Amino acid sequence: MRLHSTPHAKELWLTLPVTESLLYRLGWDDGWEAAFADHRAAGLDPARVAIQHRGAYDLLAERGEVRASAANRLVQNDELPAVGDWVGIDPVGGRIEAVLPRRTSISRKEVWNAVREQTLAANVDVAFLVQALPLDFNIRRLERYLAMAWESGAQPVVLLTKTDLVDDLAPFLAETESVTLGACPIHAVSARTGAGLEEMGRWFAGNRTAVLLGSSGVGKSTIVNALVGEELLATQEVREDDHRGRHTTSHRELILLPGGGVVLDTPGIRELQLWDADLEQAFGDVEELARRCRFSDCAHDQEPGCAVREALEDGSLSRERWDSYSKLQRELEAIEAKRNHLLRLERVREYKIRARQNRPKKKR
Ligand SMILES: Nc1nc2c(ncn2[C@@H]2O[C@H](COP(=O)(O)OP(=O)(O)OP(=O)(O)O)[C@@H](O)[C@H]2O)c(=O)[nH]1
Ligand SMILES: [Mg+2]
Ligand SMILES: [Zn+2]
């Protein structure tokens, strides 16, 4: 039976229109189709990167899951795809030949490298910034995540988990609102009681893609399992004493939800190092204050008419929020400076190479 039906099913797949529904459920739309037109003409098939392995990728395509490696040209040009990317695969060679330009990109600085960007997730519509109540809740960390998420182009949503572990949610919500500034929804859930889980579904309407970002043990994989409706991913108890997780999830993985839409589970982030951030959006209140200082280049130190200092003195701006803002700003400046420094070094190197090539050859 199977021997007979399998090749037949395959033939059937190949004759179906190229825009079959699986692709759409993964987030494909007319805009992607238009961006893919040239690749389509060149005979490539679209697919989405689900998992990145060393040297290979698991892709979700019209015909299901495929394993493929990237063409050498992509490796050489440093154009390797990330999880969430839409790529073009050569159905004959089986290699990834093209990566479509990203609509959004969630990036951080690579932990080990001073000047490399690491794309955590590509083409994400919604970024859930996950914190577990009560012990993982940290407003300063949330500010950092918000600054990163606003820069990415995805819509940030604060996701407070393990609400079953607190008696009163209100103070947590109030504190969260003090940094989301009404610009970003807050969602509270408990995977244990199921509270709030159903409402999460609306973020995936229209086959949207969402990523879960947060520390280890906050319950990211547990939530994905609840959304999928089965124990797809491994989860693990947090430590008794401090509720920290054990880094159970080891790789980023894109998962298709039964009702359409895609969720991306990620390993717990130890330390989020900014690559770029939108402080204007994440710290709109602070930037607004700074614009009211008498001098446009005010260092907010001893200058007369400093609106920031006044706000700190009368308590309308908290010292912690100001410190957090200043720290993130310094961090961004430092990485920018490093990037520029390396760019200069690179130019000097190119100049030397060219100068050497132009030097008249010595006769021997
Ligand atoms: N009380 C309570 N426990 C939860 C809830 N959600 C998850 N947990 C528990 O928290 C522990 C960690 O959950 P995981 O889903 O593995 O956490 P994770 O964020 O995926 O962790 P990493 O993969 O290490 O990043 C598990 O023991 C879960 O059962 C919740 O809403 N309430
Ligand atoms: Mg996990
Ligand atoms: Zn000032």
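Residues are numbered from 1 along each chain as its sequence is written, while chains are lettered from A and ligands numbered from 1 in written order. As this is a predicted model, local features need pLDDT of at least 70 and side-chain atom pairs count only at pLDDT 80 or more, whereas totals for chains, interfaces and linings use all residues.

Let's start with the whole chain. Its C-alpha trace spans about 80 × 80 × 40 Å along the principal axes. The chain has 13 helices and 13 strands; these are DSSP runs numbered from the N terminus, with helices (H or I) of at least four residues and strands (E) of at least two. Of the 364 residues, 30% are buried, meaning that 20 or more other C-beta atoms, placed from the backbone, lie within 10 Å of the residue's own.

The domain bounds below come from an automatic or database domain assignment.

| Domain | Residues |
|---|---|
| domain 1 | 2-99 |
| domain 2 | 105-265 |
| domain 3 | 283-346 |

Now to domain 1 and domain 2, whose C-alpha centres lie 28 Å apart. Their contact takes 14 residues from domain 1 and 16 residues from domain 2, where two residues are in contact if their C-beta atoms, placed from the backbone, lie within 7 Å. On the domain 1 side, helix H2 (21-25) and strand E1 (45-52) are the elements that give two or more residues. E1 provides the largest share, four residues.

Conventions
A residue is buried if 20 or more other C-beta atoms lie within 10 Å of its own, exposed if 12 or fewer, and partly exposed in between; C-beta atoms are placed from the backbone.
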